Each structure stands twice: as C-alpha cells, then as structure tokens.
Amino acid sequence: MAIQQLTKPALRPASLSERALTASAMAAANAKAVDRDSRFPHEAMAEVRAQRLLGILVPKDLGGEGASIAEAAEVCYRLGRGCASTAMIYAMHLVKLASVVNHGRGNSWQEGLMRRIASEQLLLASSTTEGNAGGNVRASEAPIVREGSRIGLDRNATCVSYGAEADGIVTTARRTPDAAASDQVLVVFLKSDYTLTPTVTWDTLGMRGTASVGYRVQASGVADQILGEPYEYIHVRSMVPCAHILWSSAWAGVAADAVERARQFVRNVARKTEGQLPPGAAHLTRAATTLRSLRALISAAAQRYDMAGDDRAVFQSLEFQTAMALLKVDASELAVSTVLDATKAAGLEGYRNDSELSLSRHVRDILSSRIMIHNDRILANVGAATMMLPTPGSIAG
C-alpha cells in the first residue's frame, strides 16, 4: 500500500494590516524612550523596514505593492496608536514617495529610485520649509543652479525632519536663480549627493522623535533628479492632499490610543466600585464620538482622493483644493479635542507621567497638529476661495 506523502500548506503572506500592527507594537514598546530622549525611533523604523512598509506606494511593475492612499492611511493610523513620532515620520516619507510615484513615471532615474525604495526600503526625508518663508511651502529662496548636465542646490532648510537618518531628501527649490519664488521644482537627492550642516536644534514639547533639525543642505546631482512637472501642480495633485490625509491619519491614531487608555481607566474604576462610573465617564463618550467623526472625515477624504485617479481637472478644481486644505484644519482640531476629552475622562491617572495610563505624551504630541503648517495660515490662504465657492443646495451636494 502506497504511503501518501503529506505536504505542508504554504504560509499565507501577512497582510498590510498585520504588518502594520507588528510595526506598531514595536513602536509602542519604545515610544516612552523615544519621547524621553528626544531621539529617532530606531527600533520602530527598523521594524517598519523589516515589514517592508516603506515601498507600499511604489507601483507593482516597479517592485512595490501599488497601495492606495486609503491603505497607506490605515498604516499611519495603526502606527499612530503606538508612537506619534514613528507615525509622523512614516507619513512624511509616504508623502514624498507619493510625489515621486505620481510625477516620476517615464523618467529612468526616478523609476530607478522607486525600484530601490521598494527593494532596499529607503527612507525619504522632507525639506519644504526654508529661511524666512517659514511654513509657506509655495515659496523658495534657494535656486537650482545648472552646470552642464549637473545641478546644485545650497539651501537654508529650517526644518528637515529625521534628515540625519534618511537615505534621501526630497526638497523644493526655485527653478533657476532668475525665477520667481513661486516658480518651483521638486528634486530628489540621495544621501551620497549632499552634506547636512546643523543650524537649528530640536527641543520641543511633543513629536520629539521626529528629530526635525534645521540644516544647511548642500547638494549636487543630475538634471533627471528634478521631477518633470512644475511644483505648482505637484503641490495640488500630491503634496497637499497626501500630506493632509496621512498626517491626519497619524493624529487619529494618537487620539485612538488616548481614547483606549481613557476607556481602560473607566473600566478599572467600574470594576472596583461595582459598576459605578467615575465623574469623568461622560468625557469618554465625547472623546469616542469625536474620534468617530475624525475617522469618518479622513476615510471620506482618502476615498475621494483615490477615486480621482489621474483626473487633472479634479485636482486643479477649487472645490477639491479647498476641501483638502481644510481637512488638515478640521482633523487637527478634532484630534486635539479627542485627546483632551480622553484626558478629562482618565483624570489624574491620565495626567500623571508615571501612570500606565498616562496621556502626557499624547497631549504634547497632538498639540503639534495645529501648528504643523499653522491652521491660521491655511484658513487665511483659503479665505478667498471660500468666498467663491457656492453654498451647497442639498445634503449630498
């Protein structure tokens, strides 16, 4: 009688959500140390690389996963539940990668970069703030200087998040020395292309692990490292909507962890008092409700972005641009409200630094959301657009 040979079933590849949860667990385990020492989250980002999350937006034909922004937002949300700095670093990397993916096809250098990001899990840093321009990312002082086929850039970057740890920097610049400040390009430099000289330190209330130090960036490369489309379109097609969706997702993750800690506190009290809720329990209800609204807002924006595909008319429409600009304002306000209400619900346990349910770090981190591209600047910029948009005639309109 023949003996039937048994074969082991093939292991199912881990889903994107499962990989994000694994990285989030590592982030959570080291979040206190990252915050206390104001250091880059080495352990968490090593796990992000191990889970191959840095190249998820790269198209499949270039070795990536072709993930949507909605899927990327879920990863940011999960990481935010573990460590705000880790989530924000990851979100900023994806914003730069989205710009390369959306505007670098057909350029052999840019496509080669995408392949490397997918295979080598390279980390991209952002440099969009400069000199006196502050948070005005639509104005650049330093120009691209051309010498034959070579290009150079000497930039006073007031904030390059995790620049010392990155494998490359994606930066805005004036197109030429004679160009207007608003006539910008977006260019990618790899670590071997530039030197960083620190000019501004990073000692902040929250988001301490992003290591957003100021540098003088001196870089050189080849002309193909400049993305072909004007930054004016990259800004509305990729930079603003992706930043606001992914940043908001990271903030929502921070808020979700705050709500979970507050819920645990209320449960602990109820168990000890035979079901009697603490005075702050009503604030938990408010925090959970606000978090639900925040998640719905982000989910709708991500779906809207993904559904737009490559429709330039959609991205260039005043209504779309205004909605994506205000997403950041609304999401940051909701995230702050959620965390503060969770803190009220958790009472002294949430307020203490030495409590297992401490929300000190969450409060400090989430307050950055209002001033990371200041809400007042955004509201001022969209003021004229708001006057031109019609008032909707229906709930669905």
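Reader: Which loop holds R208 in this structure?
Author: Happy to start there, with the reminder that this is a predicted model. Strand β6 covers 194-200 and strand β7 covers 212-222. R208 is found in the loop between β6 and β7.

Reader: Is R208 buried or exposed?
Author: Leaving aside neighbours within four places in sequence, R208 is in contact with a list of residues including D35, R36, W202, D203, R364 and D365. The cut-off for buried is under 20% relative accessible area. R208 has 15% relative accessibility, so R208 counts as buried.

Reader: What is the phi of A211, and where does A211 lie?
Author: Here is some background first: most residues other than glycine have a negative phi. A211 is not a glycine, yet its phi is positive, at about 50 degrees. As for its place, A211 lies in the loop between β6 and β7.

Reader: Where is E274, and is E274 buried or exposed?
Author: E274 is a residue other than glycine with a positive phi, near 55 degrees. Its place is in the loop between α6 (231-272) and α7 (281-308). Exposed means over 50% relative accessible area. With a relative accessible area of 80%, E274 is therefore exposed.

Reader: Are α1 and α2 roughly parallel or antiparallel to each other?
Author: Good one to work through. The axes of α1 (residues 16-37) and α2 (residues 42-50) come within 8 Å and cross at roughly 175 degrees. Angles over 145 degrees count as roughly antiparallel. α1 and α2 are therefore roughly antiparallel.

Reader: Which residues make the contact of α1 and α2, and what are their classes?
Author: On the α1 side the contact is made by T22, A23, M26, A27 and N30. α2 brings E43, A44, E47 and V48. By class, these are five nonpolar, two polar and two charged residues.

Reader: Which are the edge strands of the open sheet of three strands?
Author: The sheet has the order β1-β4-β5, with mixed pairing. An edge strand pairs on one side only.

Reader: How many bridges join β1 to β4?
Author: β1 and β4 (residues 168-174) run parallel. Within this pair, S127 stands opposite T171 in β4. The number of bridges joining β1 to β4 is four.

Reader: Which helices lie across strands β4 and β5?
Author: α4 (residues 84-103) lies across β1, β4 and β5, and runs at about 90 degrees to β1. Another helix lies across β4 and β5, running at about 70 degrees to β5, and that helix is α6. The names you asked for are α4 and α6.

Methods: Residues are numbered from 1 along each chain as its sequence is written. This is a predicted model: local features need pLDDT of at least 70, side-chain atom pairs count only at pLDDT 80 or more; totals for chains, interfaces and linings use all residues. Side-chain values use heavy atoms; hydrogens and water are left out. Helices (H or I, at least four residues) and strands (E, at least two) are DSSP runs, numbered from the N terminus. Buried means under 20% relative accessible area, exposed over 50%, partly exposed in between (1.4 Å probe, protein chains only). Contact means heavy atoms within 4.5 Å. Axes are lines fitted to C-alpha atoms, for helices over the stretch in contact, and angles run from 0 to 180 degrees between N-to-C directions. Angles under 35 degrees count as roughly parallel, over 145 as roughly antiparallel, 65 to 115 as roughly perpendicular and the rest as oblique. Ala, Val, Leu, Ile, Met, Phe, Trp, Tyr, Cys and Pro count as nonpolar, Asp, Glu, Lys and Arg as charged, and the others, Gly among them, as polar. Two strands pair if DSSP finds at least two bridges between them.
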